[in-house]
Every structure is written in C-alpha cells, then in structure tokens.
Amino acid sequence: MATITFKGSNVQTVGNLPAVGNKAKDFTLVGTDLSDKSLSGYKGKNVILNIFPSVNTGVCATSVRKFNEEAASLENTVVLCISKDLPFAQSEFCAAQGIKNVEMLSDFRTNFGEEYGVQMVDGPLKGLLSRSVVVINADGDIVYEEQVPEITQEPNYSAALKAL
C-alpha cells in the first residue's frame, strides 16, 4: 500500500506502482468509443500513463491539457489518460477542450486500478484512481513512475518526459 494525501489527510492505495526496470503488465481499459484497448495494442511505442481521479476536477483537467500539448511533439509516443470517468464524460471533455493528442481510457469496468496499485481504498475519493504517472519505453520496460504524494498537486511533467 502507498500512503498519499488528499488535502492533507492520509489516503491509502491498494498497492504500489510497478517499479522502474520491470516489464509493464498488460491491461485492458475502455476507449471513448466503448471498445477495449489493451497496452499490448501499443507495442513498439513509448507509452505515458497519465492516471488520475476524474477529468472533471481542475488538476486532472490540467494534466490532460499539459500532456496533450507535450504529446504533439513526441515521436513514437502515445499518452493514455486513465480515470474511472465514463467514456462519455471523457469524450465530452476532449471535444470541449480541443484535446486531440492523447487517448482517454476508462477503468470503469476493469481492474486496472488494482493491478497497477493506484486505486484508493479509503478517504473521500475511495474507489477512484490516485494521481500517478508511469512511463513505458518501446520495449515495454517501465522507465519512470511517480505516485504524486498529494492528490491536489500536479505530476512532474518534465521528469516523466525526460525519462523517454
């Protein structure tokens, strides 16, 4: 279990992020078109997992916009923005914000949060995903991970991008 905070109060996750140097575990999430999307479908590409509680909050929305800006200039790289939000809400957010360089994926009917150790088990956001970033290189190796210690803070974008 990882201990993080939400507005200063301790919150636990179901586990810990996969460690740098390990192979990334495959997972399946739901795309905005309701299709299944698996990590294995991005084989041979660098993958940034931008994980967060809900796109309908300020910091989460900012992380999607920031990675959307940065992803436009990255070669052979895809950014997957992952939350428990329904695909309809994710799609609506992207349309309203002009987001086109990242893929929104939902964990609403899968167990990604448990497999990657990011589902919160207590606190007011219990059941949602904690703010985290995992960077996977084209060989499928985890080259960077960040469990953001305070949910209301943004991740370290530059460190995640430098890992590639």
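Trainee: Why is Phe112 called buried?

Mentor: The relative accessible area of Phe112 is 1%, and since buried means under 20%, the residue falls on the buried side of that cut-off. Keep in mind throughout that this is a predicted model, and that the percentages are computed from its atoms.

Trainee: What makes the aromatic pair of Phe112 and Tyr116 a stacked one?

Mentor: The ring centres of Phe112 and Tyr116 are 4.8 Å apart, with 20° between the planes.

Trainee: How many aromatic pairs does the structure hold, and why is the one between Phe27 and Phe112 called edge-to-face?

Mentor: There are 4 aromatic pairs. In the one you name, the centres of Phe27 and Phe112 are 5.0 Å apart and the planes stand at 70°; because the cut-off for edge-to-face is over 60 degrees, that angle settles the description. The pair also ties together parts that are 85 residues apart in sequence, since Phe27 lies in the loop between β2 and β3 whereas Phe112 is in helix α3. With 3% relative accessibility, Phe27 counts as buried, and ring pairs join Phe27, Phe112 and Tyr116 into a cluster.

Trainee: How do you know that Lys23 and Asp141 form a salt bridge?

Mentor: The closest N and O atoms of Lys23 and Asp141 are 2.9 Å apart, and as a salt bridge requires such atoms to lie within 4 Å, the pair qualifies. What this pair ties together are parts 118 residues apart in sequence, because Lys23 sits in the loop between β2 (9–12) and β3 (28–31), and Asp141 in the loop between β8 (132–136) and β9 (142–147).

Trainee: Why do Lys23 and Asp141 receive the labels they do for accessibility?

Mentor: Lys23 has 53% relative accessibility and counts as exposed, because exposed means over 50%. Asp141, at 22%, counts as partly exposed, a value that lies between the cut-offs of 20% and 50%.

Trainee: What makes Lys66 and Glu70 a salt bridge, and how are the two placed in the helix?

Mentor: Their closest N and O atoms are 3.7 Å apart, which is within the 4 Å limit. Lys66 and Glu70 are 4 residues apart in helix α1 (residues 58–71), so about one helical turn separates them. In general, an α-helix has 3.6 residues a turn, so residues three or four places apart point the same way.

Trainee: What makes Lys84 and Asp107 a salt bridge, and is Asp107 buried or exposed?

Mentor: The closest N and O atoms of Lys84 and Asp107 are 3.4 Å apart, again within 4 Å. This pair links distant parts of the chain, 23 residues apart: Lys84 in the loop between β6 (77–83) and α2 (87–97), and Asp107 in the loop between β7 (103–106) and α3 (112–115). Asp107 is buried, having 0% relative accessibility, whereas Lys84 is partly exposed at 21%. In total, the structure holds 4 salt bridges.

Trainee: How do you know that the buried residues of α2 lie on the same side of the helix?

Mentor: The buried residues of α2 are Pro87, Gln90, Phe93 and Cys94. They cover an arc of only 125° around the axis, which puts them on the same side of α2. Their cover includes β3, α1, β6 and β7, while the face turned away from the buried side carries the exposed residues Phe88, Glu92, Ala95 and Ala96.

Trainee: Which residues make the nonpolar surface patch, and why can Leu34 and Leu86 belong to it?

Mentor: The patch of about 370 Å² is made by Leu34, Leu86, Phe88 and Phe108. Patch residues need over 30% relative accessible area; Leu34 has 38% and Leu86 has 42%, so both pass that cut-off. Leu86 is in the loop between β6 and α2, and Leu34 in the loop between β3 and β4 (36–38).

Trainee: What makes the phi of Leu34 worth a remark?

Mentor: The phi of Leu34 is near 70°, a positive value in a residue other than glycine. Most residues other than glycine have a negative phi. Lys7 also has a positive phi, near 55°.

Definitions and conventions
Residues are numbered from 1 along each chain as its sequence is written. This is a predicted model: local features need pLDDT of at least 70, side-chain atom pairs count only at pLDDT 80 or more; totals for chains, interfaces and linings use all residues. Side-chain values use heavy atoms; hydrogens and water are left out. A salt bridge is a side-chain nitrogen of Lys or Arg within 4 Å of a carboxyl oxygen of Asp or Glu. Buried means under 20% relative accessible area, exposed over 50%, partly exposed in between (1.4 Å probe, protein chains only). Patches are made of residues with over 30% relative accessible area and no salt bridge: like charges are joined within 9 Å, nonpolar side chains (Val, Leu, Ile, Met, Phe, Trp, Tyr) within 5 Å. Accessible areas come from the Shrake-Rupley method with a 1.4 Å probe; for residues, only the protein chains shown count as cover. The arc is that of the directions from the helix axis to the C-beta atoms. Contact means heavy atoms within 4.5 Å. Rings of Phe, Tyr and Trp (its six-membered ring) pair if their centres lie within 6.5 Å; planes under 30 degrees apart count as stacked, over 60 as edge-to-face and the rest as tilted.
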